[in-house]
Amino acid sequence: MIIVAYGTAIGQALENPKTSLDELKVLRDHAVAILEAQGDLQGALKKLESEISNRERRK
């Protein structure tokens, strides 16, 4: 499983005054694509939390 920390990358890019406008736009486009590919990430996370709770109760 590969997890890309776009929040970290965005923060670093914004902190660096040498980050070009083109680099910022590419980073934005990649982050938007990742968000769109995730579908309903918030809904999936709620289902995951529910399943974790159910399994913990069965222990």
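How accessible is Asp-29, and does that make the residue buried, partly exposed or exposed? In this predicted model, Asp-29 has a relative accessibility of 42% and therefore counts as partly exposed.

## The pair Asp-29 and Arg-28

The side chain of Asp-29 meets that of Arg-28 in a salt bridge, with a distance of 3.1 Å from N to O. Arg-28 is likewise partly exposed, because its relative accessible area is 48%, and exposed residues must be over 50%. Side chains of opposite charge can pair when their charged atoms come close.

A search of the whole structure finds 3 salt bridges.

## A network around Glu-51

Salt bridges link Glu-51, Arg-55 and Arg-58 in a network. Between Arg-55 and Glu-51, the closest N and O atoms are 2.7 Å apart. Both of these residues belong to helix H3, which covers residues 41-58. Arg-55 and Glu-51 are 4 residues apart, about one turn of the helix. Glu-51 also meets the side chain of Arg-58 in a salt bridge, at 3.6 Å from N to O.

The accessibility of each member can be stated in turn. Glu-51 counts as partly exposed, because its relative accessibility is 29%. Arg-55, at 55% relative accessibility, counts as exposed. Arg-58 is exposed too, with a relative accessible area of 60%.

## Leu-21 in helix H2

Helix H2 spans residues 21-37, and Leu-21 lies within it. Leu-21 counts as exposed because its relative accessibility is 56%. Along the chain, Leu-21 and Gly-11 are 10 residues apart, and their C-alpha atoms are separated by 14 Å.

Definitions and conventions. Residues numbered from 1 in each chain as written. Predicted model: local features only at pLDDT ≥ 70, side-chain atom pairs only at ≥ 80, totals over all residues. Heavy atoms only, no water. Helix = DSSP H or I, 4+ residues; strand = E, 2+ residues; numbered from the N terminus. Buried < 20%, exposed > 50% of the residue type's maximum accessible area, 1.4 Å probe, protein only. Salt bridge = Lys/Arg side-chain N within 4 Å of Asp/Glu carboxyl O.
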